[in-house]
Amino acid sequence: MFAALAAGALAASCKKEAAPGPDVWAVVNGKQIARAEVEKYYRTRVNAEAPEPSQEEALSLKLSILDELVNNEIMLERATKMNLIASDAEVEDKFTESKSPYTEEEFQKKLKDGGLTVDDLKTDIRRQLSVQKLLNREVIAKIAITDQDITDFYNKNRAQFNVAEPQFHIAQIVITPHPDPTVHNRKNDKATSEADAKRKAALLEQKINSGADFAQLSMDYSEDSTASTGGDIGFIPESALNQSDPILKKTVLAMKPGEVTQPIAVTKGGYRILKLIAKERAGQREITDPQVQTSIRDMLRNRKEQLLRSAYLVEARDESHVTNYLARQIIESAGKLPSSK
């Protein structure tokens, strides 16, 4: 009997699918994923200025990238079958949005540094939009958070809603005379000197007084990383204000919700324009508070979405035929990097 089992195992091992070619690293439902595609994305994730990764680190990252590409191919195939592929117009809109924080020269350099072309980027965008459409229909549309779900969570986690100290929900526009090349805004507008910062601050004050939307102005002109979120830095505990410029702390403590400051000169140079979105007193937040309900609903929805996304992907992979030739090569070579052929 044992001999029969051994013979069966040997026969099964002999039936392993041979790789279609030396540089095919995976096949998904008949679609090949080439080594070159994995290497391309690998280069975008390795810091050229950091020490070169070890062989094991490099292979681990390439396996991870290949797994992502396999998942993307499976999901894209499903999106195609459901006629959910993003249109050319949707791709162009997203492409234009991705370019907007950069000058043309900066954008081309970013592509070159990553070893990507415009076509590569548009292909990625189409895939991302298409997969998101699929998940919106197959996962997100099926999520429902009831009032009872919110009540149950609140009752089990009441202590989480006891605020120890006053908190301030703040948005900002930052203007600095020392531009950071890694930070971008939609207008690619940066002050380059103290005098330039002062002129820019006066211009933004005029726009605010004329009724311009604060969040839009922040995305267009702010010179720090919060520009992408409309300047929103979330809720700040009162004690955390001690770490900021003393002028800013004094200003925030005196503000009323909805109020926007004039440009405030700060000690390190440049200006801040602040908006107090909301102020929360210390103490227990009750379930009748709309903000409490919104925060619980969002948290429960995010939890459920992550779970359903994972389950959907597992199911999709189970229904697919995937062969990972890179993983096989690594095992058979005891962890050595496959050489180009």
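Helices here are DSSP runs of H or I with at least four residues, strands are E runs of at least two, and both are numbered from the N terminus. The views come from a predicted model, in which local features need pLDDT of at least 70, side-chain atom pairs count only at pLDDT 80 or more, and totals for chains, interfaces and linings use all residues. Residues are numbered from 1 along each chain as its sequence is written, and side-chain values use heavy atoms, leaving out hydrogens and water.

View 1. With a relative accessible area of 16%, E305 is buried (under 20% relative accessible area, with a 1.4 Å probe and protein chains only). Leaving aside residues up to four places away in sequence, E305 touches V139, I140 and I143; contact means heavy atoms within 4.5 Å.

**View 2. Here helix α3 (residues 55-81) crosses helix α12 (residues 325-332).** Their axes come within 10 Å and cross at roughly 155 degrees. Axes are lines fitted to C-alpha atoms over the stretch in contact, with angles from 0 to 180 degrees between N-to-C directions. That makes α3 roughly antiparallel to α12 (angles over 145 degrees). On the α3 side, look for L59, K62, L63 and L66; α12 brings L326, A327 and I330.

**View 3. Now look at helix α9 (residues 214-221), largely enclosed by the rest of the structure.** Of its 8 residues, 6 are buried: F214, L217, S218, M219, D220 and Y221. Their cover includes β4 (167-175), α8 (194-209) and β7 (271-280).

Technical notes:
Parallel < 35°, antiparallel > 145°, perpendicular 65-115°, else oblique. Buried < 20%, exposed > 50% of the residue type's maximum accessible area, 1.4 Å probe, protein only.
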